[in-house]
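Q: Let's take this one label by label. For each call, I'd like to see the value, the cut-off and the conclusion.

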Amino acid sequence: MADAGSRITVALVDDQSLFRAGIRMLVESQEDMEVSGEAGDGKQAIALATERRPDVMLMDLRMPVMGGVEATRRIVEQADAAGTDKPKIIALTTFNRDQAVVQAVQAGASGYLLKSAEPEFLLAAIRTVHSGYSVIAPGSIHSLFEHAARNAPATGPDLSVLDVLSVRERDVFLLAAKGLSNGEMAEGLFISEATVKTHLRSVLDKLKLRTRIQLVAFAHERRLLGD
């Protein structure tokens, strides 16, 4: 059995107490997880993040007082300003093409799930983001960001934003933005996975992006993947 110090601490943020109760029971049924606190709106979520410093936050996007997008932005900004570890935030939404999901990713969320997700998928997502990876609801992540891009004012591709990248970094950026795994990129570029990871970290740093899913959003916003 996992000891308390090794458990993933999870904070629940949703204005529906019944929904939180269901998630709490699910999380606490796991030996490697524990609930560190709950909040019913975004303002409470900010205080919860500061006081409890959970590993992972499940953040509903549409709540009274303050929504999940603004709460995510403020939590990430405050952690950056204080030099403390940021919680990994999973945005929760009721439907797949929610524009707020794109905004949450831009604000620093590590991914998103539908509130109707299967319990095992939700638990796997918590473990995945805790390990440093992004998660998305089943379906094509690209359709979500393409939908958002189509609803934005029409502009041409802004290739100048990639000027800070080396030629190899640009290759890695474009392949990652298309959804290729590290292994697939390594095979396609004839380099090791370790080298891919090094280039990817440099790309994120140079473009001031926090997560791989932000990279995908960044590429679609600027229409860098073509039509």
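A: Fine, but one definition has to come first: helices are DSSP runs of H or I with at least four residues, strands are runs of E with at least two, and both are numbered from the N terminus. Keep in mind too that this is a predicted model. On that count, the protein chain has ten helices and five strands.

Q: Where does that numbering put lysine 208?
A: Lysine 208 sits in the loop between helix 9 and helix 10. Helix 9 covers residues 193–206, and helix 10 covers residues 212–221.

Q: What makes the phi of lysine 208 worth a remark?
A: The phi is positive, near 55°, and the residue is something other than glycine.

Q: Why is lysine 208 called exposed?
A: Its relative accessible area is 74%. The label exposed starts over 50%, so lysine 208 qualifies.

Q: Which other residue has a positive phi although it is not a glycine, and where does it lie?
A: Valine 65 has a phi of about 70°. Its place is the loop between strand 3 (56–60) and helix 3 (68–82). The relative accessible area of valine 65 is 67%, which is over 50%, so this one is exposed as well.

Q: Why is leucine 123 called buried?
A: With a relative accessible area of 0%, leucine 123 is under the 20% cut-off, so buried it is. The residue is in helix 5 (residues 119–130). Neighbours within four places aside, its contacts are Leu26, Val27, Gln30 and Met33. Glutamine 30 is 93 residues away along the chain, with 8.7 Å between the C-alpha atoms.

Q: Is glycine 37 buried or exposed, and what makes it so?
A: Buried: its relative accessible area is 10%, and the label applies under 20%. Glycine 37 is part of strand 2 (residues 33–39). Leaving out residues up to four places away, it touches Val10, Ala11, Leu12, Leu48 and Arg52.

Q: How much of the protein chain is buried?
A: Buried residues account for 46% of the 227 residues. In helix 7, they are Glu169, Val172, Phe173, Leu175, Ala176 and Ala177.

Q: What makes phenylalanine 173 and phenylalanine 218 an aromatic pair, and why is it called edge-to-face?
A: Two numbers settle it, because a pair of aromatic rings is described by the distance of the centres and the angle of the planes. The centres are 6.1 Å apart, and rings pair within 6.5 Å. The planes make 90°, and over 60 degrees counts as edge-to-face, so both labels hold. The structure holds one such pair.

Q: Which parts of the chain does the pair link?
A: Phenylalanine 173 is in helix 7 (residues 167–177) and phenylalanine 218 is in helix 10, 45 residues apart.

Q: At what angle do helix 4 and helix 10 pack, and which residues make the contact?
A: Helix 4 (residues 99–107) packs against helix 10 at about 120°, axes 9 Å apart. Val105, Gln106 and Ala107 contribute from helix 4, and Ile213, Gln214, Ala217 and Glu221 from helix 10. By class, that contact has four nonpolar, two polar and one charged residues. The crossing itself is left-handed.

Notes. Residues numbered from 1 in each chain as written. Predicted model: local features only at pLDDT ≥ 70, side-chain atom pairs only at ≥ 80, totals over all residues. Heavy atoms only, no water. Phe/Tyr/Trp six-rings, centres within 6.5 Å; stacked < 30°, edge-to-face > 60°. Axes fitted to C-alpha atoms, helices over the stretch in contact; angles between N-to-C directions. Left-handed = near helix turned anticlockwise from the far one by under 90°. Contact = heavy atoms within 4.5 Å. Nonpolar A, V, L, I, M, F, W, Y, C, P; charged D, E, K, R; others polar. Buried < 20%, exposed > 50% of the residue type's maximum accessible area, 1.4 Å probe, protein only.
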